[in-house]
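Here is a short note for a colleague who is opening this structure for the first time. Please read the points in order with the model in view.

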Amino acid sequence: MTDTQKEVFKTPVNKIRLFEHGAPGSQNLKLTRKYYTEDMPDGRVKHIVQNITDPDIVPYIPDGIGNSTDRQRIPAVLIIPGGAFRRLVYNFEGEDVAKWLNSMGIAAFVLECRLPSDEHDNAEDVPLIDAMRAMRVIRGRAQEFGIDEAKIGVMGFSAGGFMAALLSTAYESDVYADYKDEYDKLSARPDFAVCSYPVISIDDCIEAGKRYMSEEQVLERISDSKAKILHKYNPDKLVRPDMPPVFICETDDDRTTLSENSVGFYMAARKAGVSAELHIFRTGGHGYGCGDDFAQTGEWKVLFTKWIKSIGIIS
């Protein structure tokens, strides 16, 4: 722990475990999940989750929605926070977004997934395993939460944006063949996807860093785990015609993930004939989450709302 970190933060207790008998690839890994806060220079406080071996989803359901045949079923979104593939920024890129979606009458589930920086077996596969499993569990419990099984999307930020893009393109991957149950008979394909300032390509990670440091310094800063997952999975090369429609947003002054990541993914989707929408704001930097309603980054929520109306998710 540094001077800016405090072990005081806890996520809600109403979690849904994704694997009742241990997550595949992590059965022999002993880690204690960490929840802590981290002060930021602008006065805000990040809520951080690390060391996950038993992944779960935290449901956020709008008031008055539940298991009733008398109510119209609502859409849902699986939210994947970012955190450089080594931790999750739970509040800015998870809970805050979930509560905003709830205000629109959309259910949300924040994924506390395993990360490739930990020593899981086949560590570069575990985020995809957890995202696929989460989508199937949400679909399998849709009636319980009053959710429309045909309107379940994924939304990710930064490294979570990579995972959302990966789930949208690799949802049929057989990455946990030794663990199957009733949920795994269901599709892991999202019905729509949102990628906010996503990392997509390791080449663009290097190019982003090279603007501000030498290539040698950049390569030193890219962890082995991050390099492995980006070398194994490149969503813009995995794009397929039957992937879901995708909404992508980014800023031109993002120094962490260049907008080329978003442009490359958009162009790959376009070439495959996939419905895609891309927005690049002039300013806003990286990690803005819900965005500033008094600046350009807050506009993504307005644009997203219009987009999901246009594809028939909400009216």
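Notes on the model

1. The protein has 10 helices and 12 strands; helices (H or I, at least four residues) and strands (E, at least two) are DSSP runs, numbered from the N terminus. This is a predicted model, in which local features need pLDDT of at least 70 and side-chain atom pairs count only at pLDDT 80 or more, while totals for chains, interfaces and linings use all residues. Residues are numbered from 1 along each chain as its sequence is written, and side-chain values use heavy atoms, with hydrogens and water left out.

2. Of the 315 residues in the protein, 59% are buried (under 20% relative accessible area; exposed is over 50%, partly exposed in between; 1.4 Å probe, protein chains only). Among contacts (heavy atoms within 4.5 Å) with a separation of 6 or more, 78% join residues 24 or more positions apart.

3. L101 is in contact with V77, I79, I106, A108, M155 and F304, leaving aside neighbours within four places in sequence.

4. F281 belongs to strand β12 (residues 276–281) and is buried, with a relative accessible area of 8%. Not counting residues up to four places away in sequence, F281 touches C249, E250, T251, D252, Q296, E299, W300 and L303. F281 and W300 are 19 residues apart along the chain, and their C-alpha atoms are separated by 9.0 Å.

5. Helix α9 (residues 259–271) has 13 residues, which at 1.5 Å a residue should span 18 Å; the end C-alpha atoms are 18 Å apart, which agrees. The expected span is 1.5 Å times one less than the number of residues. In α9, the residues S259, N261, S262, F265, Y266, A268 and A269 are buried. G273, which follows α9, has a positive phi, near 80 degrees.
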